[in-house]
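Student: Could we go through this structure together? I would like to start with the overall picture and then look at details.

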Amino acid sequence: MDKPRESATTIAGRLTTWLMLCVVALLVLMVATAYVPARLKLLGLYSIVLGLAAGWVIGQIARQCRMHYRRLMLPAALLMIIIALSGQIGESYRVWRNSERDKLAEQSQAALIFDNPAFGETPPPTDTFKNYLSLRFSPLTESSWSLLQSAANWPRLLLGLEVLLGGLAGAFVAARLVSAPFCVTCESWHEPQRSVVLGSTAGNRCLQLLTNKEQPAIPEGGRLHLEYTSCRCSTAIPVIRCTREQPGQATSVVATVQPNRETLAQLTTLLDGNDNAQ
């Protein structure tokens with residue numbers, strides 16, 4: 001039976017709503033964080049942390065708008081986060097520059113000195129973007145590592161790298177939030193329903209049944225995790241993610257499958273009596 005397909009109007013409506021809500025949410029987030037105390041912004045990872053927060057916001061809005069188009073999510077989230085971080089840095093610089101100018105205005109005596117030719121050449125302004133970046137990455141100059149001290153001489157490059165890493169981290173978070181299967185019929189995300197942990201013998205049999213092909217055997221001491229997720233449809237067949245765990249190796253996802261009813265019945269029979277079902 002063919003799965004129902006969404007109309008172009010539905011897709012365009014979801015995309016437009018998602019983009020509008022993301023723009024508003026990111027605007028509020030970035031403007032608010034521009035007024036965070038300057039001491040917190042001196043950290044080189046500030047944009048990365050902010051990118052992760054932006055990615056979480058984008059992903060949550062996507063889930064509410066039923067934006068399950070994973071191929072679009074990663075590049076769109078990356079672009080939005082990079083633009084948002086760039087705007088946040090510009091607003092942070094504006095706030096810092098106004099603060100510096102306010103301090104200078106209060107120091108009337110210093111202003112008189114700057115305007116007096118007897119004191120020599122007028123010093124360059126201290127509220128330039130270059131000075132702001134130098135202040136932002138000043139902890140690097142105090143580092144005991146010569147590599148970090150050298151990197152502090154390239155503040156614009158460091159800033160670009162920080163924004164890029166923040167965008168990538170945030171886009172990854174957004175993509176992960178919409179990685180769950182989505183049912184077009186009932187328009188709902190699949191939610192966790194059941195988890196089963198199997199030993200090597202039962203795990204090998206289940207793995208072969210679900211994937212319908214030869215798989216590397218799970219050795220003694222290894223385990224297979226089956227995670228069931230399903231949508232709101234009353235007759236829905238669950239999607240099962242198979243994760244292999246064996247001693248001395250990293251945990252890996254072997255397959256994510258949605259079996260037919262016959263295979264699901266055979267799997268249920270195979271799992272009957274298994275005490276490790278959770």
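Student: What helices and strands are in the chain?

Tutor: The chain has 11 helices and six strands. Helices (H or I, at least four residues) and strands (E, at least two) are DSSP runs, numbered from the N terminus. Please note that this is a predicted model, in which local features need pLDDT of at least 70 and side-chain atom pairs count only at pLDDT 80 or more, while totals for chains, interfaces and linings use all residues. Residues are numbered from 1 along each chain as its sequence is written, and side-chain values use heavy atoms, with hydrogens and water left out.

Student: And how much of the chain counts as buried?

Tutor: Of its 278 residues, 35% count as buried. Buried means under 20% relative accessible area, exposed means over 50%, and partly exposed lies in between (1.4 Å probe, protein chains only).

Student: What share of the contacts comes from residues 24 or more positions apart?

Tutor: Such residues account for 68% of the contacts in the chain with a separation of 6 or more. Contact means heavy atoms within 4.5 Å.

Student: Now the helices. How do α1 and α3 cross?

Tutor: The axes of α1 and helix α3 (residues 46-64) come within 10 Å and cross at roughly 150°. Axes are lines fitted to C-alpha atoms, for helices over the stretch in contact, and angles run from 0 to 180 degrees between N-to-C directions. The crossing angle therefore makes α1 roughly antiparallel to α3. Angles under 35 degrees count as roughly parallel, over 145 as roughly antiparallel, 65 to 115 as roughly perpendicular and the rest as oblique.

Student: Which residues make that contact?

Tutor: On the α1 side they include Trp18, Leu21 and Met30, and on the α3 side they include Tyr46, Val57 and Ile61. The residues of this contact divide into 15 nonpolar, one polar and no charged. Here Ala, Val, Leu, Ile, Met, Phe, Trp, Tyr, Cys and Pro count as nonpolar, Asp, Glu, Lys and Arg as charged, and the others, Gly among them, as polar.

Student: How do α6 and α9 cross?

Tutor: The axes of helix α6 (residues 129-136) and helix α9 (residues 155-177) come within 9 Å and cross at roughly 65°, which means that α6 is roughly perpendicular to α9. In this contact, Phe129, Leu133 and Arg136 of α6 meet Pro155, Arg156, Leu159 and Glu162 of α9. By class there are four nonpolar, no polar and three charged residues.

Student: And α10 with α11, at what angle do they cross?

Tutor: Helix α10 (residues 200-211) and helix α11 (residues 261-271) have axes that come within 10 Å and cross at roughly 175°, so α10 is roughly antiparallel to α11. Among the residues in contact are Cys206 and Leu209 of α10 and Leu267 and Leu270 of α11.

Student: Is Ala34 buried or exposed?

Tutor: Ala34 is buried, with a relative accessible area of 0%. Its place is in the loop between α1 (8-33) and α2 (38-41). The C-alpha atoms of Ala34 and Ile89 are separated by 7.4 Å, although these residues are 55 residues apart along the chain.

Student: And Gly248, buried or exposed?

Tutor: Gly248 is exposed, at 86% relative accessible area, in the loop between β5 and β6 (252-257). In strand β5 (residues 239-245) one finds Thr243, which counts as buried at 8% relative accessibility.
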